[in-house]
Amino acid sequence: MRLTLAVGMMLLIAAPALGQASAGGDAPGPAASSSGLTSDPDQAIRDALRHQIEAIVDGQPDYDALSPATAATFRSAAQTIQVGLRQWGKLEFVDRHPALRSGWYVYNVVFDSALVQWAIKPLDAQGKIPGLGFKTLSIWSASNRKGPSRGTEAWLRRHVESIQNGTPNYDEMSPGLAQAVREQFPHARDSIKRLGALESITFLTLEPNGMNEYDVEFEHGQAIWWIGPLTADGRAVSLFFRNIPTEVSCCQVGSGP
């Protein structure tokens, strides 16, 4: 069976936006440049985001932690947003390296059943949240949230680094996959190199078809990768990826930038 590597915007899982609401203004806009990624500038922002998400899931949104305008809009949309969050399950972690886009800090948040991108404006002088929004990037069944197939994370790390170095690890691929990578290498190399240095790889889910889904963070962006189980001799047979767009287009609660 011949399997190919898909590049660019291939989407295997539909990820619709949930809980749309607005108090005027536009959703967070595109990054001014690829250098928008930064280390966490303020622990208080990340803690405030985690606290608010957990409060919503528990059915008790912390309106006092929101600015008055955001709180008013949030109250009208809370039930819809809460339904969406409950479908995602328990919050597992909020990444420590947000992208800074048009004054919004954008975090990837992993739940039992979803990878969700959250945007939050810096806290105001009173320590309240003046803007908050989200969009789903990937959704899966909680029953599939189990450990990855043996060796796939290490293999994926080697592969990404080999692409960036210009020497794909063809000897670790099945003949069919190796041929597909050779054909699409120029496109894949340019796409991945633009993202900058590889920073982290996070396992998301094992899909019913056996594909392991990973969130891969780079210096200047993010991509979702799928890799099938390795053969007995450690070769990959199936592999796909798609880059996450740099713009943030999400449901919004609170005034825009």
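These are my notebook entries on a predicted model of one protein.

**Ground rules.** I number residues from 1 along each chain as its sequence is written, and my side-chain values use heavy atoms, with hydrogens and water left out. Because the model is predicted, local features need pLDDT of at least 70 and side-chain atom pairs count only at pLDDT 80 or more, while totals for chains, interfaces and linings use all residues.

**Overview.** I found 4 helices and 11 strands in the protein; these are DSSP runs numbered from the N terminus, with helices (H or I) of at least four residues and strands (E) of at least two. Of the 257 residues, 53% count as buried (under 20% relative accessible area, 1.4 Å probe, protein chains only). The protein exposes about 11200 Å², with 51% supplied by carbon and sulfur atoms (Shrake-Rupley method, 1.4 Å probe). I also looked at contacts (heavy atoms within 4.5 Å): among those between residues at least 6 apart in sequence, 64% join residues at least 24 apart.

**Helix α3.** The buried residues of α3 include Trp 155, Leu 156 and Ile 163. Just after the helix, I noted Gly 166 with a positive phi of about 85°.

**Ser 174.** I next looked in the loop between α3 and α4 (175-193), where Ser 174 is found. Ser 174 counts as buried because its relative accessibility is 13%. Leaving aside residues up to four places away in sequence, Ser 174 touches Arg 235, Ala 236 and Val 237.

Definitions and conventions: Buried means under 20% relative accessible area, exposed over 50%, partly exposed in between (1.4 Å probe, protein chains only).
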